[in-house]
Amino acid sequence: MSEARLRTEVLIAGAGLTGLTAATAFASAGIDCRIVDPAAGGPRSDARTTAVTCGSQRLYAALGVWRALRARTQPIRRIRVAEDDVPLFLHFECDDLGEGPVGHIVRNDDLSGALRARLETLGVPPVASAVEAFEEQPGWVRTQLSDGSVIDSRILIGADGRASPVRDLAGIGTRTHAYRQTAMVCTIRHTEPHHDTAVERFFPAGPFAVLPMRGRRSAVVWTEPHRIAARLMQLPATDFRVELAARFDGMFGTPTVEGPPTAFPLSLVLARRHVQGRVVLVGDAAHALHPIAGQGFNLGLRGVALLAELAADHVRLGLEPGDPRVLAEYAGCRRIDTATLVAVTDGVNRLFSNGLPGLGVVRALGLGMVNSIPPVKQALMRQAMGIAAGMAGPLPRLIRGEPI
Amino acid sequence: MARANASPAAVDPDEIARFDRLAAEWWDPAGPMAPLHAMNPARLGFIRDQVAVDSGMRRPLDGVRALDIGCGAGLVAEPLARMGARVTAIDAASAQLEAARRHAAVEGLEIDYQAAALADLAAGGQRFDLVTALEVVEHVPDPDAFLGQAAACVAPGGVLVGSTLNRTLAALAKAIIGAEYVLGLLPRGTHRFSKFVRPSEFAAPLTVAGLQVTAIRGLHYRALGGGWALGDDVSVNYILAAVRPG
């Protein structure tokens, strides 16, 4: 290889939401980084939405991207949980906590755009290239990219999604859980305002979650056994609307469905390790649960915030960010956070069919702390908001809204 | 530099031979020097806090003239250079200096590694804003003379930072019996109890040389926390700072 060899402290593979957030966190902390994604140059459109918890919102505020995003988000200020025919089982008002909204629903395109704009300012625009191979050297990891360049970095971050090529190249195996349910996701319009309310209704076959969007619209995540979901998906649009309206039960007036629903068989992919040598997996590359795109997203951001903080503390002492001690500490904390996610997800059948009330909404908010939820409403809320310290130790500074 | 190695007052040949064998493994974070790697964040944090104005910056020691005494393969010199200091680093063991030079070149760091004896440097009149002597004084034959020479290198307004093991039974138990024999953290024979230096013994020659001790902290290994941290108990490992009034 005769190409000029480049050096950076952190190389990030994958310019999805998690990768872009990681690049923003590292660059904001003064850590030299690069981000590559084979799709970085192409047209992008992701109409999906993500639930950003209060903790993640604070991270984005600390990184200077929330201000631009705020006007386009839909806050969640109320959570209602109903079981089957019991109309109101639990009702959470976030004002009870005085911490602001429990979370915000954000369009992926908007979040991605705000992060890209911030990265442009920081001088770290995503580069259209893919990781082809890498090898560990003493003190470095040497990565070969598809554009022919070779980059030496202290850390290689695999933020390249559920099917992570970096994970495969590292030889890190996965555990996959497939569940018997399918989640159908669609956007609805309703005739009455939702008053910033997220609703979860429990039915014997699975939960029916409604997350507020801007205007008189909401996102519906409706879970049924595969067989029933398959039948529902084949229904003509009018009949599907009738079935949906029966579950919706006139909560915010009459619903109409926007566009065809999308079906996701529920499955979980977990990487067996999050750290191997100088390779670190984050986001969906480490833990991915269909269908709710945001599932684990906020948990993944906690990982990103922690790694950036540990690395920043180290480089400010003149030490290198990929120091084995940094990565070992990171791996230790992530093991605990992920063990919690696994414990939760192993119980996912129960949860997605007839679990504890409130947990589905918590899940929909992308939170995996279910089994550690104390029987106290406010504590439950803090968990849902992603601002509760976990067993893995205190919250990373970014999640507290502090710069690193 | 040809005559630098020959200064017999400051270096003990037995000690040098012992460390020469370790030079190649020095930079392996899981190797024999793992304890020094592990102590580094706490030690460097202490140094930075004595000298830097803003700990949030990448180059908090920008422009600081630094001398690292007993630099080994550069475990302290390199971070100091990355923090922005202009580093001169000396050691009596040539194999380590060679390892240090090679490593710094790979890292793209400019560090002036010299096989100089401290006595010559002190007599030569070079003065520094920061002088570090970490885990060194317990290996020299005449600590008083060594510390006096180190202090002489501190410029007005500059600071000396030193760390070592305290001559207490706690230190004996933890450093020699614990670290060397039981846990195998350090190669056997690394330390001799008679050479451990009490804080008062560390401070005395510095005071004589016109420095004022401004801070002293203990360095503690947290077995469960997985790292070294600063604390109030100075009975085993400690680190201190002394400034020359400017």
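# Notebook: helices, sheets and loops in chains A and B

**Entry 1. Helix 2 of chain B.** I note at the outset that the model is a predicted one.

I then looked up the dimensions of this helix. Helix 2 of chain B covers residues 34-51, which is 18 residues. From its first C-alpha to its last it reaches 26 Å, close to the 26 Å expected at 1.5 Å a residue. I also asked where helix 2 of chain B bends. The bend, of about 45 degrees, is at Asn40(B), and the proline Pro41(B) follows within four residues.

**Entry 2. Chain B as a whole.** I recorded eight helices and eight strands in chain B. Of its 246 residues, 48% are buried. I next took the contacts in chain B between residues at least 6 apart in sequence, and 70% of these join residues at least 24 apart.

**Entry 3. The sheet of chain B.** In what order do the eight strands of the open sheet in chain B stand? I read the order as 3-2-1-4-5-8-6-7, with mixed pairing. Strand 3 (112-114) and strand 7 (227-231) of chain B are at the edges; each has a single partner strand, so one side of each has no neighbour in the sheet. Neighbouring strands of this sheet are turned by 20 degrees against each other on average, direction ignored.

I looked at one pair in detail. Strand 4 and strand 5 (residues 154-165) of chain B run parallel and are joined by six bridges. Within this pair, I found that Leu134(B) has Ser163(B), in strand 5 of chain B, as its bridge partner.

I then returned to helix 2 of chain B, which packs on the sheet and touches strand 4, strand 5, strand 6 (212-222), strand 7 and strand 8 (237-243) of chain B. The direction of helix 2 makes about 35 degrees with that of strand 7 of chain B. Helix 8 (residues 199-208) of chain B also packs on the sheet, where it touches strand 5, strand 6 and strand 8 of chain B. Its direction makes about 20 degrees with that of strand 8 of chain B.

**Entry 4. Two loop residues of chain B.** I located Ala73(B) in the loop between strand 1 (65-69) and helix 3 (77-82) of chain B. Is Ala73(B) buried or exposed? Ala73(B) counts as buried because it has 29 C-beta neighbours inside 10 Å, and the count needed is 20 or more. I also looked up the separation of Ala73(B) and Val234(B), which are 161 residues apart along the chain: their C-alpha atoms are separated by 27 Å.

Glu135(B) lies in the loop between strand 4 (128-134) and helix 6 (143-152) of chain B. Glu135(B) is not a glycine, although its phi is positive, at about 55 degrees. I counted it as buried because 23 other C-beta atoms lie within 10 Å.

**Entry 5. Helix 7 of chain A and the residue after it.** Helix 7 of chain A has 12 residues and reaches 16 Å from its first C-alpha to its last, close to the 16 Å expected at 1.5 Å a residue. Just after this helix I found Asp249(A), with a positive phi of about 60 degrees. Asp249(A) belongs to the loop between helix 7 (237-248) and strand 15 (255-271) of chain A. I recorded Asp249(A) as partly exposed because it has 13 C-beta neighbours inside 10 Å.

**Entry 6. A sheet of chain A.** I examined an open sheet of three strands in chain A, with the order 3-7-4 and antiparallel pairing. Strand 3 (49-53) and strand 4 (74-76) of chain A stand at the edges with a single partner strand each, so each has one side without a neighbour in the sheet. The twist from one strand to the next averages 30 degrees.

Strand 3 and strand 7 (residues 103-107) of chain A pair in the antiparallel sense over five bridges. Thr49(A) has Arg107(A), in strand 7 of chain A, as its bridge partner. I also saw that helix 4 (residues 108-122) of chain A packs on the sheet, touching strand 3 and strand 7 of chain A. Its direction makes about 85 degrees with that of strand 7 of chain A.

**Entry 7. Where the chains touch.** How many residues of chain A are in contact with chain B? I noted 10 residues of chain A, in contact with 18 residues of chain B. On the side of chain A that touches chain B, helix 8 (297-315) and helix 9 (324-346) of chain A are the elements that give two or more residues. Helix 9 of chain A gives the largest share, three residues. The residues on this side of chain A divide into four nonpolar, three polar and three charged.

Definitions and conventions
Residues are numbered from 1 along each chain as its sequence is written. Chains are lettered from A and ligands numbered from 1 in the order in which they are written. This is a predicted model: local features need pLDDT of at least 70, side-chain atom pairs count only at pLDDT 80 or more; totals for chains, interfaces and linings use all residues. Two strands pair if DSSP finds at least two bridges between them. Axes are lines fitted to C-alpha atoms, for helices over the stretch in contact, and angles run from 0 to 180 degrees between N-to-C directions. Two residues are in contact if their C-beta atoms, placed from the backbone, lie within 7 Å. A residue is buried if 20 or more other C-beta atoms lie within 10 Å of its own, exposed if 12 or fewer, and partly exposed in between; C-beta atoms are placed from the backbone. The expected span of a helix is 1.5 Å times one less than its number of residues. The bend at a residue is the angle between axes fitted to the seven residues ending there and the seven starting there. Ala, Val, Leu, Ile, Met, Phe, Trp, Tyr, Cys and Pro count as nonpolar, Asp, Glu, Lys and Arg as charged, and the others, Gly among them, as polar.
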